[in-house]
Amino acid sequence: VFNMSSGRPLVVPAGSGTVLSVLGDSTRLLVDSESSGGTLLQFESISPPGGGPPMHCRANDDETFLILEGNVKFSIQGRESVDGPGSFVFAPRGKEHTFMNPGPGPARMIITCTPSGLEKAFREIAANKTRKLSTEIIGATFAKVGITFHGPPLKP
């Protein structure tokens with residue numbers, strides 16, 4: 001098992017990594033808890049127009065966003081911005097935030113969470129093939145990793 005703290009290099013070739021469908025977004029895991037020794041989660045996120053999570057707060061981790069393609073509307077502690085390719089956004093733990101792709105095409109970002117753990121909820125949501133994902137189920141799943149939802153997603 002690769003572990004970043006072992007000092008060995010890690011290469012995740014283009015198109016590889018675990019790809020999960022998480023609430024309408026495509027999530028390609030690049031570095032997770034296992035491969036980072038719990039230090040970070042990094043993933044590529046592709047959101048369709050209108051895609052993005054509900055307003056939420058993270059108790060356990062900080063989150064950064066590097067926008068690669070498209071535009072992304074952010075709200076962090078009530079401050080809104082629309083940012084494009086090359087922009088970097090930081091959402092500290094404990095601060096209410098969300099993002100949304102205003103379109104017209106997909107938005108692609110590299111998102112990093114420090115420390116890791118969020119991928120556990122991603123995997124649980126993506127693995128749910130048999131039952132309807134109610135707001136309660138989604139909320140309880142993300143609460144296990146310290147995320148609480150505080151409101152609806154942003155509107156375009």
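Which strands does helix H2 lie across? Keep that in mind while I say that this is a predicted model. Now the reply: H2, residues 118–127, lies across E1, strand E2 (25–31), strand E3 (41–47) and E10. Its direction is at about 70° to E1.

Now the sheet itself. In general, strands of a sheet pair through backbone hydrogen bonds, either parallel or antiparallel. Here the pairing is antiparallel, and 6 strands form an open sheet. Reading across, the order is E1-E2-E3-E10-E5-E8. Strand E1 (18–22) and strand E8 (88–91) are at the edges with a single partner strand each, so one side of each has no neighbour in the sheet. On average, neighbouring strands of this sheet are turned by 25° against each other, direction ignored.

Strand E5, residues 62–69, and strand E10, residues 107–114, are paired in the antiparallel sense over 7 bridges. Within that pair, Asp 62 stands opposite Thr 114 in E10.

Back to the helices. At what angle do H2 and helix H3 pack? The angle is about 150°, and the axes are 8 Å apart; H3 covers residues 135–143. That angle makes H2 roughly antiparallel to H3. The crossing of the two, H2 and H3, is right-handed.

As for who touches whom, H2 brings Leu 118, Ala 121, Phe 122, Glu 124 and Ile 125, and H3 brings Ile 138, Thr 141 and Phe 142. Sorted by kind, the residues of this H2 and H3 contact are 6 nonpolar, 1 polar and 1 charged.

That is the end of my part.

Note on methods: Residues are numbered from 1 along each chain as its sequence is written. This is a predicted model: local features need pLDDT of at least 70, side-chain atom pairs count only at pLDDT 80 or more; totals for chains, interfaces and linings use all residues. Side-chain values use heavy atoms; hydrogens and water are left out. Two strands pair if DSSP finds at least two bridges between them. Helices (H or I, at least four residues) and strands (E, at least two) are DSSP runs, numbered from the N terminus. Axes are lines fitted to C-alpha atoms, for helices over the stretch in contact, and angles run from 0 to 180 degrees between N-to-C directions. Contact means heavy atoms within 4.5 Å. Angles under 35 degrees count as roughly parallel, over 145 as roughly antiparallel, 65 to 115 as roughly perpendicular and the rest as oblique. A crossing is left-handed if the near helix is turned anticlockwise from the far one by less than a right angle, and right-handed if clockwise. Ala, Val, Leu, Ile, Met, Phe, Trp, Tyr, Cys and Pro count as nonpolar, Asp, Glu, Lys and Arg as charged, and the others, Gly among them, as polar.
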